[in-house]
Amino acid sequence: MFIVEFQTIKIHSFFCVCACVYLQYFTMSGKLILGLLTWGGIDFLRKRLLSKKEEKASTNVHDAKMDYASQLPDEVLSYILERMTLKDVVKTSILSRRWRYVFASMAKLRFSLDTIGVFNYYLDHTCHPYYQRKFLQVVNQFLQLYLGRRKVVVDLEMHIFIVRELSSEFGQLMHSVSQLGVERLHLNFSCGKFFPTSGAIDLCPNMFFEFSLELLSQASSLKYLSLSVCIVKPSVTLRLNSLKSLFLTSVLVKSGQLESILSSCLNLSQLIIKHCKLPLELCISGAVRTVLFADCGGLKEIDLQATNLRRFECLFDDKVRFYFSSVPSLERVKIGLRGDASMPYIFGEFATNIPAQVKSLIVTAFYTQATHLPTEMQIFGNLRMLALLFESTYDSDIVKVSPVLDACPVLQYLDILQHKTYRQKARGSHIRSPLSPTYHTELKEVRFGGFHGTREEIELAIYILTSATVLDQMLLSQYSIGPYYKAYYGHDIWEKREPERVSIQQLLLGQAVSSSTVVIIQ
């Protein structure tokens, strides 16, 4: 489709495609920022590809019979091919001698059912064994052509459901993958973007493909590994010393498996686990620096023994008990637990056990959890930064956040973010005596996202202003703040409430105990 001698291809269409891809490539790499909005722009690219002598001689494009695409640099051709189907990519090898092995210049490879002409728009996560076998054969044949033509494949991705009876054929395919020197490998054992939840995994565990890490024994260049919708079988003798990042999604993790995997990856820096079914107990050890759990179920206890761990984030479906046995480098923690008993645990036992060197804590509250914030809390003795994220909370009283400040005597930065909060008016349950200010001598900056100017929000803001003696800035925003999720959907709420916004700002500014405090409402 790239040679102008083909009668089915219009020369202007060819230049349009090549020009767009060519400019997109160099724009993304920062080498060129230029928009071709007219045919003059297309002609500019054509002049770059033709020498002056050839341009004068080419009075008729079809008579010139020039292969313009072949004159593009290999890196640009690779960029183009990566955005085509594998079927079309293979076809380019017969265009000319120049194109015979151009497909081997692609640094990124992606295989799915589309590769063999099966479109899975109306299929579930499984597919017929005939298509599974055909997929493995076609991809393996392609990789055999690829071998020896390129030294390193930067990124390889496969989406296919495979029954366990085809483990031998899949093993042959992985042998070819290992020989390619792949650096980033994504394996999703489902037909499409299907990621079952941790609860759904229990319903069909026998359908999950068992992926053995032994298949990666020859993958000496592998740095990033992503496995989805499978069961991972560790190896006692395997050592993946090059692996830096491991990403598990909708994986069934059995007792002792994750610990064995970590012992095989001595240089692993990042571990991310999402929507996985976990055993009752876990122990995180090794050289890992960042650990993230999201929407995982089954776990009851977790012991952190990773001496290099600096960042730990988790969102569990149930209450989980944490043990910080050996984490001398831990600095940042984010925690979210389902269930109304989670808030008393986080600001009680969890606060007692968290290491003293932790300086940053993010707590996520869901649904009715915000109404269960305890009035008496354990002290976070060295906490410098605290973020409270309220997600889809119902009938919560934001003023109940005030005791948190008393539990953080050296806190310097406070973020509060409300997202999709719902409250019932005139319930009478929020009637209480006014708050008594307690001086906070370290608090410098407060950011309140999802602020709508309600009575409770204003009361909390006044409490902070009258108690923070060195406060520099208070930001009250209807939008999201920091790196957190979006806090607001819709139009500008202050667009028709400007007088109210001004009156709130004047009211708050008059309450500040610090003369240097700046209050911003946006």
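These legends describe close-up views of aromatic rings in a predicted model. Local features need pLDDT of at least 70 and side-chain atom pairs count only at pLDDT 80 or more, while totals for chains, interfaces and linings use all residues. Residues are numbered from 1 along each chain as its sequence is written, and side-chain values use heavy atoms, with hydrogens and water left out.

**View 1. The ring pair of Phe 170 and Phe 211.** The whole structure holds 17 aromatic pairs (rings of Phe, Tyr and Trp, the last by its six-membered ring, with centres within 6.5 Å; planes under 30 degrees apart are stacked, over 60 edge-to-face, the rest tilted). Phe 170 and Phe 211 are edge-to-face because their ring centres lie 6.2 Å apart with planes at 70°. Phe 170 belongs to helix H8 (residues 167-179) and Phe 211 to strand E4 (residues 209-212), so the pair ties together parts 41 residues apart in sequence. Helices (H or I, at least four residues) and strands (E, at least two) are DSSP runs numbered from the N terminus. Phe 170 is buried at 2% relative accessibility (buried is under 20% relative accessible area, exposed over 50%, partly exposed in between; 1.4 Å probe, protein chains only). Phe 211 is also buried, at 0%.

**View 2. The ring pair of Phe 312 and Phe 322.** With centres 6.0 Å apart and planes at 80°, these two rings are edge-to-face. The pair links strand E12 (residues 311-316), which holds Phe 312, to strand E13 (residues 321-323), which holds Phe 322. Phe 312 is buried at 1% relative accessibility, and Phe 322 is buried at 2%.

**View 3. Arg 184 over the face of Tyr 224.** Arg 184 lies 4.1 Å from the ring centre (a charge sits over a ring if NZ of Lys or CZ of Arg is within 6 Å of the ring centre and within 35 degrees of the ring normal).
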